[in-house]
Amino acid sequence: MSHAEVNSSDRVGALYDQMAGFESDNFTGDHNLHFGYWDSPADAWSLERAEERFTELMIEKLGAGRGERVLDVGCGMGTPAMRLARATGSEVLGVTVSHEQVKRATARASAAGLADRVSFRYADAAALPFEDASFDAVWMLESIIHMPDRLQALGEAARVLRPGGRLVLTDFFERAPIPERKRPAVEKFYENWVMGPMVTIDDYPALVRAAGLRLVEACDISEQVMKRTLEGIARRIAHDRRHIDDTLGADLADDLDLSALIEVWELGYLLVVAELPRADG
């Protein structure tokens, strides 16, 4: 692992260690900073419901079955992993570079009566501590965005997948060249949230192939995700600003504010589905 990767993992872990201890009516283990998904402009769902809908969409795309073993890379506070286990009957192992997230997600799974099927541990996606071909499916919900080397992370996911296994992930990407007047907001977002390098949708076929996977689909779902999520997060932050300032500090509160991105339509949201080919093709 390179020096840059070590530093990035440490920085991401420190960020989410700090975030994990913050809870309020609008930012909790269930509803933190996950993006939402609205099937159509007519949907009047809250951000909370849209977050749930996004997890449901990920579950549909993953196609995991009862008794199968799923790896959740970048598991956060564990809510998506628990929903996945309940919906499919699968066994889910979540990994994160935040020790605080591991502690809290483990406690939440136990309280939910899911400790026999949902567990969490500290691990870096760039060097997963698991045997080859040890999972039936892998998902990365808003986690590959933090990885300095996407190919390394995809290669590790492919290594631990069984032949025929499926990978589902989400990523930010550059839909079109970002104008200079909008670039400071995007650069601040990438720096504050310890993001990896920016990619385009056209980068993904080659990345997936180089990792030994077969691309099933790469979909631009920006219209279903971006603007309404950013508006919803802005409302949450405005509602909780004093509590955020008191608990996390004003500097981090400013970092959480993503409202400057609302009009940056050039920054998009990508859903990718891939699979590990079987030996027989």
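Is Arg-49 buried, partly exposed or exposed? In this predicted model, whose local features need pLDDT of at least 70 and whose side-chain atom pairs count only at pLDDT 80 or more, totals for chains, interfaces and linings use all residues. Residues are numbered from 1 along each chain as its sequence is written, and side-chain values use heavy atoms, with hydrogens and water left out.

**View 1. Arg-49 and its salt-bridge partner Glu-56.** Arg-49 counts as partly exposed at 27% relative accessibility (buried is under 20% relative accessible area, exposed over 50%, partly exposed in between, with a 1.4 Å probe and protein chains only). Its salt bridge with Glu-56 has closest N and O atoms 3.1 Å apart (a side-chain nitrogen of Lys or Arg within 4 Å of a carboxyl oxygen of Asp or Glu). Both residues belong to a salt-bridge network that also includes Asp-39, Glu-52, Arg-53, Glu-60 and Arg-83.

**View 2. The salt bridge between Asp-171 and Arg-150.** The closest N and O atoms of this pair are 2.7 Å apart, and the pair links distant parts of the chain, Asp-171 in strand S5 and Arg-150 in helix H5, 21 residues apart (helices, H or I of at least four residues, and strands, E of at least two, are DSSP runs numbered from the N terminus). Asp-171 is buried at 1% relative accessibility, and Arg-150 is buried at 5%.

**View 3. Asp-72 in strand S1.** Asp-72 is buried yet has no salt bridge, and the nearest side chain of opposite charge, Arg-108, is 10.0 Å away (Lys and Arg count as positive, Asp and Glu as negative; His and the chain ends are not counted).
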